[in-house]
Amino acid sequence: MHRKLTIAVEGCCHGQLDDIYRHLLQQQQRLRKTVDLLVICGDFQAVRNVTDLETMSCPNKYKQVGGFYRYYTGERKAPIPTVFVGGNHEASNHMRELYYGGWVAPNIYYMGASGVVKFGGLRIGGITGIFKDYDYAKGHCETPPFRGPGRASMHHVRSYEAFKMLQIRKPLDIVVSHDWPLFIERYGNTAELLRRKPFFADEINRGDLGSPANAMLLERLRPAWWFSAHMHVRFEAEVASHESIFAEGWNGIPPYSSKSSERMQDSVAGAEAPVAVANQDEIVMSALSDDEEDGSPVCKPPSRPRLALNLPPPKHSVAEEASAEPAVCEVAQAEPDLTSEPADATAVAASAEPSNDGVHEQEVLEAADPKIPGRPTRFLALDKCLPRRQFLEFIDIEVPDSAPGELPQLEYDDEWLAILRLCHPHMPLSELPFSLPAEARMSNVTPGIPLLPGAMLARELDWVRSNVFSGGDRMFIPPNFMPMAPTPPPGTPDSASFGLAGQGANIWNRGRGRGRGSGRGGHAQGHRQSDAEWVGPRPHVIYPNPQTDELCKLLGIEDKLTQRRYK
């Protein structure tokens, strides 16, 4: 028996929760559908107070408290279960308190620096941040008060998080990221993307539009859906089940190295002379912003690379099927393949033992490295929440109905909890490059992907099932949210910056969209920022969160980021 779940996907949030929920409820009514889950693809901005604003990486003149604090205090409640990943404009200190994931407010769940959860039969993976090669190999070295370079680097994805995600053996239905996977633009209508965002041309020609880490994850995990944001444009693509997202001869950036491999040169012979085109649709950010969009030359889109596996090309491309872009998209999705199981511990026990027989060792590794069943991955990126932008879509996905009549709830994923235990001893906390564990071996199925032996993962999975899932094969995430940090007084406008925006200067938002406004707290044209000073003691940078404490105790691991030890 199966049932259909309706998932709402939203691009960049930028603190506009009220507008997003209002638009979602209006679309529900118009389409006569019931949304089961809202997925937000980053730049959520879970700002509670002035200290959160200070640790957010963006120019002060654009900092606003937004409306999230009302959900944090319980003044408002999210009408739809909501999950999100972090982007490059977040209250970094708040996200650090929930490194492993947790509730930022009732009914709103952060997936952590990386994570996997279940919802109504769906397996959903997520990874927070954007890719910067100079920070990628570092550990989580930032410490309070998160000032200077550390304020921005906390938003940069780390190789350790990618390494954890690469250990996943069972199929995922959805992966959520802020950054696009590298090369994904070549599997959709590149010409239309360049028509709408001509300043992407230089990055596309260089082959660095997007994240190599996310490309590796897509190549390895092959989810049915991949959702992203960050580029402030709607874009869809599809990577066929027999295609490789990496062009032939390009192996990407290893998840344990900070140096970029030499990228494939795919420039177009005889391209038109470059013409500088400025982006007139965005707020110009300072050098502090990772989201800056400046003028870049216009060029012809590069040819789409063919697959590296020398298999027949697909019968048609996504670009050939491209049609008008509706405000809300309804897609029926085939039943996801959830049949793959982790490697049997007995079959791969020898993988942890040294062997002089190269052939036997290769056979053992192959047994420990089952290929996730090949599926086409449909990619969807959405815009930010502004008028006349394509920032929200509905997608219908059919899933096995293991509990008829039961209301879907967020659940822990047993394999992910096992991966947390497995990788925890190797968590890097300094600026030194993350070193692969000695037990790791390169996959023979997906070249360049380091994997820990299946027997080690199987042992941790047995522990999780015996000690965490002892009451059955499911464990719901407890609704254990508890507000820890102070918030502004009721009635504080979303535009409040507590003196950060020019210390009382007459600062006006300079949104350049065609709409007159974006609702409360948006970068809307003609809305003056409120610059009243913060009243009361200055909030702390970090408030130790009981949710993190409880999860670490549950898994028997140490909360290294706050140096708490659980015996």
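Biologist: Are Arg222 and Glu219 buried or exposed in this structure?

Modeller: Buried means under 20% relative accessible area, exposed over 50%, and partly exposed in between, with a 1.4 Å probe and protein chains only. Arg222 is buried, and Glu219 is buried as well. Before going further, note that this is a predicted model, in which local features need pLDDT of at least 70 and side-chain atom pairs count only at pLDDT 80 or more, while totals for chains, interfaces and linings use all residues. Residues are numbered from 1 along each chain as its sequence is written, and side-chain values use heavy atoms, with hydrogens and water left out.

Biologist: What do the side chains of Arg222 and Glu219 form where they meet?

Modeller: The general idea is that side chains of opposite charge can pair when their charged atoms come close. A salt bridge is counted when a side-chain nitrogen of Lys or Arg lies within 4 Å of a carboxyl oxygen of Asp or Glu. Arg222 and Glu219 form such a salt bridge, at 3.3 Å from N to O.

Biologist: How many salt bridges does this rule give?

Modeller: The count comes to 30 salt bridges. One of them joins the side chains of Arg375 and Asp173, at 3.8 Å from N to O. Arg375 sits in the loop between α13 (358–368) and β14 (377–381) and Asp173 in the loop between α7 (159–166) and β8 (174–177), so this pair ties together parts that are 202 residues apart in sequence. The names follow one convention: helices (H or I, at least four residues) and strands (E, at least two) are DSSP runs, numbered from the N terminus.

Biologist: What is the relative accessibility of Arg375, and what is the relative accessible area of Asp173?

Modeller: Arg375 counts as buried at 9%, and Asp173 is buried too, with 2%. Another pair, Arg234 and Glu236, meets in a salt bridge at 3.6 Å from N to O; here Arg234 is buried, at 5% relative accessibility, whereas Glu236 is partly exposed, at 28%.

Biologist: Which residues are linked with Arg48 in a network of salt bridges?

Modeller: Arg48 is linked with Asp52 and Glu97 in that network.

Biologist: At what angle do α7 and α14 pack?

Modeller: Two packed helices are described by the angle between their axes and the distance between the axes. Axes are lines fitted to C-alpha atoms, for helices over the stretch in contact, and angles run from 0 to 180 degrees between N-to-C directions. Helix α7 and helix α14 (residues 414–423) pack at about 130°, with axes 10 Å apart. That makes α7 oblique to α14, given that angles under 35 degrees count as roughly parallel, over 145 as roughly antiparallel, 65 to 115 as roughly perpendicular and the rest as oblique. If contact means heavy atoms within 4.5 Å, then Tyr160, Phe163, Lys164 and Met165 in α7 meet Trp416, Ile419, Leu420 and Cys423 in α14.

Biologist: And at what angle does α7 pack with α10?

Modeller: Helix α7 and helix α10 (residues 212–221) pack at an angle of about 5°, with their axes 10 Å apart. That makes α7 roughly parallel to α10. In this pair, Ala162, Met165 and Leu166 of α7 meet Met216, Leu217, Arg220 and Leu221 of α10.

Biologist: Which peptide bond is cis, with omega near 15°?

Modeller: As background, most residues other than glycine have a negative phi, and most peptide bonds are trans. The cis bond runs from Pro144 to Pro145, and Pro145 lies in the loop between α5 (133–136) and α6 (149–153).

Biologist: What is the phi of His14, and what is the phi of Phe183?

Modeller: His14 has a positive phi near 50° and is found in the loop between β1 (2–10) and α1 (17–31), where His14 counts as buried at 15% relative accessibility. Phe183 has a positive phi near 75°; Phe183 is placed in the loop between β8 and α8 (190–196) and is buried, with a relative accessible area of 0%.

Biologist: How many bridges join β4 to β5?

Modeller: Two strands pair if DSSP finds at least two bridges between them, and three bridges join β4 (residues 102–105) to β5 (residues 108–110), which run antiparallel. Trp103 has Tyr109 in β5 as its bridge partner. The hairpin has two residues between the strands, and in it Asn107 takes a positive phi near 75°.
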